[in-house]
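Student: Could you take me through this structure by way of a few questions and answers?

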Amino acid sequence: MARALPHERIQYVVEGGFKLSGEIEPSGNKNAALPIIAASLLTDQRVELSNVPRIRDVEALVELIQSVGAKVRWLGRNELEIEARELRPANLDPDLCARIRASILLAGPMLARCGEITLPPPGGDVIGRRRVDTHFLALEQLGTEISVNHVYSFRAERLRGADVFLDEPSVTATENALCAAVSAEGTTILRNCASEPHVQDLARFLIAMGARIEGIGTNMMTIHGGQPLGAVTHRIGPDHNEVGSLIGLAAVTGSEITIRKAGVEHLRSTLMTFERLGIRCRIERDDLIIPSGQEMKIQSDFGGHIPKIEDQPWPAFPADTMSIAIVTATQCDGVVLMFEKMFESRMFFVDKLIAMGARIVLCDPHRAIVAGPSKLRAAQLESPDIRAGMAMLIAAMCAEGTSIINNAQQIERGYERIEERLNALGARITRIPPREA
Ligand SMILES: CC(=O)N[C@H]1[C@@H](OP(=O)(O)OP(=O)(O)OC[C@H]2O[C@@H](n3ccc(=O)[nH]c3=O)[C@H](O)[C@@H]2O)O[C@H](CO)[C@@H](O)[C@@H]1O
Ligand SMILES: C=C(OP(=O)(O)O)C(=O)O
């Protein structure tokens, strides 16, 4: 596989003001594909995954699992075959690990298969402090010794089930703990665990491999460890954050689009949030239709009070859709408080929206007041992270004139061929350099 250049710089040139129309299907969920690819190391038998998003983070993780001995083959654009007959707990490229948050997800599966792994610190979006403490807490209670000295060394002669109370419902820590627990001796209870659609998808993948897990979709999972784990074929679920991004994009550009196979069972909090901004979607079976001509009037709280949109652990509104909600609110009539509780740098990108003409007051690192609607002007922008990058792309598409988005490789960490797919709906985005055929 061709290695993604670490410093490859990508630019999007975006002509704003065009309406979109047509149908689009969301890609597979990045945050499900990553733990599932890592969990494929739990078995020495063949794993076949479909609907795998072909994005930079997936490519990086694929390189990492190859470096520990897994054989990986792309069977089609989004179909991946993984066979991890023999694994060696070494040879991990620190730069590659530092590029993605998901490199830490190798801990659970490698402990289960090899009893040890040394991992350089993970990376991922630079959106504030990214704790690893919950990973350590859970893995230690499952029988792992951990030492930290620039790198994290994990060793477990024997993983044992335990009653674990996570200090926070961390998504990736829950996923690491799940992978360790399915191979541990005895029963594990994970309390205060995360339950996002991607955590559920991983749990279902593990069950299809032979694991016994109860409580999927809740904040307490019980895992009966030590079941044999074998060959599996699994389809990654749709990306609810991408669906949220498409809803915001359709609304601010006044477009009507249909999102096919949108995974509507996971959209309640997202749809409720967009409704607060005066955007209503229609559900038809598993399709989501965003009609044009939305009211886009921010719904006040009872008594005319200023409403609040806040992210919270699942099943509430997902943190990764917050940047999209902010850019969408700039085009809605009224005032809303946006409250991001988690990452203290994620909201800084609103500076760029302000420079484009949005009326936003950043109250502190976690809260911003948006007063809309405001006409956005084209600008030269720099994408700091995946979701802020997508928010800027949305802003550029509803702004007058031509915007430039630098550092668009950040957007491509999480969104597959996004310019191609949006251009098919009528957008005018030029990627520099162009994609290889
Ligand atoms: C590879 C991957 O899967 N990355 C996702 C994962 O990162 P990652 O697993 O690194 O994030 P963690 O879940 O560990 O950390 C976030 C912490 O903040 C809490 N929390 C979360 C949302 C919220 O609105 N308020 C709040 O306090 C969470 O419950 C958790 O305790 O989960 C994050 C939170 O969903 C997402 O942003 C990342 O895209
Ligand atoms: C924060 C994100 O990803 P990661 O955890 O992989 O950096 C994201 O997907 O918005």
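Student: By class, how many nonpolar, polar and charged residues does the shell around ligand 1 have?

Tutor: This is a predicted model, in which local features need pLDDT of at least 70 and side-chain atom pairs count only at pLDDT 80 or more, while totals for chains, interfaces and linings use all residues. Residues are numbered from 1 along each chain as its sequence is written, and chains are lettered from A and ligands numbered from 1 in the order in which they are written. Ala, Val, Leu, Ile, Met, Phe, Trp, Tyr, Cys and Pro count as nonpolar, Asp, Glu, Lys and Arg as charged, and the others, Gly among them, as polar. On that basis, the shell around ligand 1 has nine nonpolar, four polar and six charged residues.

Student: Which element gives the largest share of the shell around ligand 1?

Tutor: The shell consists of 19 residues, where a residue is near if its C-beta atom, placed from the backbone, lies within 6 Å of the ligand. Helices are DSSP runs (H or I, at least four residues), numbered from the N terminus. Two or more residues each come from helix H1 (30-39) and helix H6 (171-183), and the largest share, three residues, is that of H6.

Student: Between which domains does ligand 1 lie?

Tutor: The bounds come from an automatic or database domain assignment, and the centres of the two domains, taken over C-alpha atoms, are separated by 30 Å. Because both give residues to the shell, ligand 1 lies between domain 1 (11-27 + 238-432) and domain 2 (30-235).
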